[in-house]
Structure formats: structure tokens, C-alpha cells
Amino acid sequence: WFYHTREGANSGQEDLSINYQTWDGSGWSARIHEGKFVHTKQGSSDSHESDYLQYKTWDGTKWTLRLSPLNNFHHTKEGSSSGHEDVSVSYKSWEGINFHAVLKGTKFYHTKQGATTGHEDNVINYLAWDGSQVTARTANGKLIITKQGSANNLPETEMHYQTWDGSYWISKIIGNKFYHMKQGASTGHEDMILNYKTWDGSNWTTKLV
């Protein structure tokens, strides 16, 4: 998958842990290990495992969080016998700031309330060297390239795209990174991100997730 963020957006951050307020207002950190939460109290080096996390949401109500088999969160409100699944958790940080967190494998992607976030998609819609509108998607670690309006894939597995300043670059996927090479160059470089122009000419950044 690609995670897209528009130029100038106030995006979130990825982290192995979540720093949250528990029901009594104290600060705790939790990370995920082998399907369970590992909890550490703020200022302590001691930790313990459990299959749930008790947190305060934005309005101060108390909820219990568990991991679902579908890699989502399962939320249950205090005093309730039933809950619901969601892809995110809205929690209060140690300082009382409201955050969203989305689960990405065993990592959390945190976004502050009101931030302009990016979004996930399985395609990149970009401008090619000749200005045509092209779509790239991933399959088996390679890029599949299709021109807008066509049902046929192009033979190449590299993006010939325009970057933010309008210069021409080639990019392909190697492992979990992009390999970029400027038009006419004999060597390139690896990077976690790709800066490209989308179909309307606006500047976007994408990374593999």
C-alpha cells in the first residue's frame, strides 16, 4: 500500500508505542508484542502484559481496547457488555491532548486532533514525462503501470514521472523502498518516499506501507 500526504499537510507520525491516559488519569505507554499489550507506567521501567488497554477518549469517557483477529481495535465502553470494532482509537495523551491512532501491523500511526492527514491507497495517479495521466499500483513487489482510460497495462515496471519541480525521474520498487534515478543519469538512490505530481498538477508525497 501507499500512504499519500499532500504538500504542506500536517501529517501524523508512526511509533511502536501509544502514550495514553488510563481510567484514573495516570500516564502509561503500551506497545504490541505477540498479540498482547505491554504496558509501562510513565516514569517506570517495570512493565506487564495484558490482552486489553483501558483508556480515556476525547470526551473523558472510559473505554477498554482489545486487538481483534482482523488487526483492528475492539472498543467496549465502561459498564457495557458489548462493543464495536474500529480501525482507529481516539485517546488522550499524557498531556491531555486529543489524538487518533491507527494500527499498522504492530505499529501505531498517531495524528493530532484537527491535523490534515494523508490517506492510504493502492494506486499512485501521477503525471508522466509527456504530461499524460498514468496510474501505478503494486503487485508482487513490482509496479503495474496503466494509462488513464486504458484497460491494458504498459510493459514497463518503472514510473517515468514528474517530481515537484517538474523534472523527470524514473522510479521502481526494491524491497520496501523506492529506487529513484533522474532522466539521463547512470546511477540513482534509494529512498523511503516519492515526491510526484498528481493528475491536477498538485504536489504529493507517498511512501510504501
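Which strands each supply at least two residues of the lining of the largest pocket? The first legend answers this.

The model is predicted: local features need pLDDT of at least 70, side-chain atom pairs count only at pLDDT 80 or more, and totals for chains, interfaces and linings use all residues. Residues are numbered from 1 along each chain as its sequence is written, and side-chain values use heavy atoms, with hydrogens and water left out.

**View 1. Lining of the largest pocket.**
Strand S2 (13-15) and S3 each supply at least two lining residues. S3 gives the most, with 3 residues. Strands here are DSSP runs of E of at least two residues, numbered from the N terminus. The pocket volume is about 170 Å³. A pocket is an open set of points on a 1 Å grid over the protein atoms alone, where a 1.4 Å probe fits, with protein on both sides within 12 Å along at least five of seven lines; lining residues have an atom within 4 Å of a point. Grid points are joined across faces, edges and corners, and the volume is the space filled by probe spheres set on the points. The lining includes Gln13, Asp15, Trp94, Glu95 and His110. By class, the lining divides into 5 nonpolar, 5 polar and 2 charged residues. Ala, Val, Leu, Ile, Met, Phe, Trp, Tyr, Cys and Pro count as nonpolar, Asp, Glu, Lys and Arg as charged, and the others, Gly among them, as polar.

**View 2. Serine 26 in the loop between strands S3 (17-21) and S4 (27-33).**
Serine 26 counts as buried because its relative accessibility is 16%. Buried means under 20% relative accessible area, exposed over 50%, partly exposed in between (1.4 Å probe, protein chains only). A polar contact of 2.6 Å joins the side chains of serine 26 and aspartate 24. Such a contact is a pair of N or O atoms within 3.5 Å; within protein, one must be able to donate a hydrogen and the other to accept it, and residues adjacent in sequence count only if both atoms are side-chain atoms. Leaving aside neighbours within four places in sequence, serine 26 touches Tyr20, Gln21 and Lys41. Contact means heavy atoms within 4.5 Å.

**View 3. Serine 90 in strand S11 (residues 88-92).**
At a relative accessible area of 18%, serine 90 is buried. Its side chain makes a polar contact of 3.0 Å with that of histidine 100. Beyond neighbours within four places in sequence, the contacts of serine 90 include Tyr55, Trp58 and Phe99. The C-alpha atoms of serine 90 and aspartate 59 are separated by 9.7 Å, at 31 residues apart along the chain.

Phenylalanine 73 and phenylalanine 108 are stacked, 6.4 Å centre to centre with 5° between the planes. Rings of Phe, Tyr and Trp (its six-membered ring) pair if their centres lie within 6.5 Å; planes under 30 degrees apart count as stacked, over 60 as edge-to-face and the rest as tilted. Phenylalanine 73 sits in strand S9 (residues 73-77) and phenylalanine 108 in strand S13 (residues 107-112), 35 residues apart. Both phenylalanine 73 and phenylalanine 108 are buried.

**View 4. Glutamate 34 in the loop between S4 and strand S5 (36-41).**
Glutamate 34 is not a glycine, yet has a positive phi of about 50°. Most residues other than glycine have a negative phi. Glutamate 34 is exposed, with a relative accessible area of 71%.

Notes:
Helices (H or I, at least four residues) and strands (E, at least two) are DSSP runs, numbered from the N terminus.
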